[in-house]
Amino acid sequence: MDIASFRELLTPAGQALLAEAGEADISEAGLLGTASRLRERYGADLVAAALTQVRSRRRAEAKFGSDSGRMYFTPAGLEQSTRASVAAHRARRFASGLPAGARVLELGCGIGADLMARSRMGLTGDGVERDPLTAEVARANVTAFGLDDLVRVRVGDALEEDPDGYAAVFADPGRRTARGRVFDPRSYEPPLDAVLGLAGRAPAACVKVAPGIPHEAVPDGAEAEWVSVGGDVKEAALWLGGLAGDVGRRATLLPPGAPSDAEPVTLVPAGLGDPDVRPWGRYLYEPDGAVIRAHLVAEVADLVGGGLADPHIAYVTSDELRPTPFASAYEIDGVLPFAVKRLKAELRRRGTGVLTIKKRGSAVDVDRLRRDLGFGGRRAGFGEAETTVVVTRVGRDPVALLARPVQHPLPVSARRPGTQDADPPAAGRAR
Ligand SMILES: C[S@@+](CC[C@H](N)C(=O)[O-])C[C@H]1O[C@@H](n2cnc3c(N)ncnc32)[C@H](O)[C@@H]1O
């Protein structure tokens, strides 16, 4: 898709084609037929641009819900964009930490998902994007949602921007280049150091980074926030200057699906030392990945009145069942030294037909173990029962727990941001 065809797509004729393509068969089997039928009345480039949009909009539903049907994308821009619920959460933090209408400069705004989320919260500002087509798409998105009065998108190099005059800077540097995913922050586009340098010149800033960012790389005075959606860790964000709380780090859990008005649940350090080490109790708690990344396992152990069976493994165990949004609970009904033959005999004895395997602190290959336990073929298992096997270790001893998930019957309470003291990350935390 080139800029000329994308612009044509925004004209009345292009919009008519887009609407028609939206109703057509774009399945693998039907796509060629649809394309050649549309090419009888429209130019080939315009048809290709329309079909790219329609296919992208379908793929984008998971990230943007019903908004996806009005948005525009480049395939790479969709891939790199922030999902709506995470962007809305971030935008809410910007809006609550800045005066109404404050101007924010976004360095590398992509197709504009974060930009729009902030402007929907009443913030104004500019997005700078290096790629002209992506910038054009971001502009079309801003217009499609009636936000032109609040934000502008311009083509340019973020590294030449001056944050002077803006209340805050936001950057979500690209972590996927033409060569694939990049892990070294120096290879982010723009590079993380350069972005942090610019962000540091603004009164406040937020920079999105990979969830694997080491705690040592979090700048002094910044707050690192790990965000998960429906239990999957999506990103970390570094909050700087006036937008950094005083908690140092936090884990924020968002529900799957569309952004909601409900406040997200967030856990912050409670100034605890390392969790107690104790034998397996009646319950196993598997902390949310954002909690583990944020080194807040001790806080979860405290919330559920438990400790760790192994000090280096983030499985919390307790004799009590205390509902918490920050961990999934399992009732343990067997602890075995890990041995495939013995485990298989136990699954047979229980009549297990549905097997879930989880592991932490073990090198076991889960797919292979599933096969070795008799769950590889078409007639898998030994009956109807559901069993969760948790493969882990205590010290050097490999262990298999037999467990079943507990559905929390009670509404869960959440800790609110900024209610606890900061606790510096300690070495050797459970992971
Ligand atoms: C991860 S994407 C941003 C996605 C955006 N947050 C969203 O949700 O739609 C990063 C963007 O930065 C742009 N970019 C990379 N280096 C840049 C630079 N030096 N100046 C301006 N934009 C740049 C890329 O083209 C890409 O579109």
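Predicted model: local features only at pLDDT ≥ 70, side-chain atom pairs only at ≥ 80, totals over all residues.

Trainee: Which ones are buried in α7?

Mentor: A113, D114, L115, M116, A117, R118 and S119.

Trainee: What about G108, where does that lie?

Mentor: G108 lies in the loop between β1 (103-107) and α7 (113-120). It counts as partly exposed, because its relative accessibility is 22% and the cut-off for buried is under 20%.

Trainee: What does G108 touch, leaving out residues up to four places away in sequence?

Mentor: V128, E129, A158 and D172. Also look at P190. The C-alpha atoms of G108 and P190 are separated by 7.8 Å, and the two residues are 82 apart along the chain.

Trainee: Zooming out. How many helices and strands does the protein have?

Mentor: 13 helices and 18 strands. The C-alpha trace spans about 65 × 55 × 40 Å along its principal axes. Of the 431 residues, 49% are buried.

Trainee: What share of the contacts with a separation of 6 or more comes from residues 24 or more positions apart?

Mentor: 71%.

Trainee: Domains next. What does the assignment give?

Mentor: Domain 1 (3-59), domain 2 (79-264) and domain 3 (283-376 + 383-405). The C-alpha centres of domain 1 and domain 2 lie 31 Å apart. Four residues from domain 1 and five residues from domain 2 take part in the contact.

Trainee: What area is buried between domain 1 and domain 2?

Mentor: About 440 Å², with carbon and sulfur atoms giving 76% of that. On the domain 1 side, I3, F6 and R7 supply 84% of the area buried against domain 2, more than any other three residues.

Trainee: How many salt bridges are there between domain 1 and domain 2?

Mentor: One. The side chains of R7 and E136 meet in a salt bridge, at 2.8 Å from N to O. By class, the side of domain 1 that touches domain 2 has three nonpolar, no polar and one charged residues.

Trainee: Is A140 buried or exposed?

Mentor: Buried, with a relative accessible area of 7%. In space, A140 and M71 are 8.0 Å apart, C-alpha to C-alpha, and in sequence they are 69 residues apart.

Trainee: Back to charges. How many salt bridges does the structure hold?

Mentor: 32. Take E20 and R37, where the closest N and O atoms are 4.0 Å apart. That pair links distant parts of the chain: E20 sits in helix α2 (residues 12-23) and R37 in helix α3 (residues 31-39), 17 residues apart. E20 is partly exposed at 26%, and R37 is partly exposed at 38%.

Trainee: Which residue does R55 pair with?

Mentor: E28, with the closest N and O atoms 3.6 Å apart. R55 lies in helix α4 (residues 44-64) and E28 in the loop between α2 and α3, so the pair ties together parts 27 residues apart in sequence. R55 is partly exposed, with a relative accessible area of 29%. E28 counts as exposed, at 67%.

Trainee: What about R130?

Mentor: R130 forms a salt bridge with E189, the closest N and O atoms being 3.1 Å apart. R130 lies in the loop between β2 (124-129) and α8, and E189 in the loop between β6 (180-181) and α9 (192-199), so the pair ties together parts 59 residues apart in sequence. R130 counts as exposed at 57%, while E189 is partly exposed at 32%.

Trainee: Which residues do shared partners join into one network?

Mentor: R282, E331, D333, E346, R349, R350 and R404.

Trainee: Last one. Where does H89 lie?

Mentor: In helix α6 (residues 84-97). H89 is buried, at 8% relative accessible area. Its side chain makes a polar contact with the side chain of E225, at 2.8 Å.

Key: Residues numbered from 1 in each chain as written. Heavy atoms only, no water. Helix = DSSP H or I, 4+ residues; strand = E, 2+ residues; numbered from the N terminus. Buried < 20%, exposed > 50% of the residue type's maximum accessible area, 1.4 Å probe, protein only. Polar contact = N/O pair within 3.5 Å; in protein donor to acceptor, adjacent residues only side chain to side chain. Contact = heavy atoms within 4.5 Å. Domains from an automatic or database assignment. Buried area = accessible area lost by both parts, 1.4 Å probe. Nonpolar A, V, L, I, M, F, W, Y, C, P; charged D, E, K, R; others polar.
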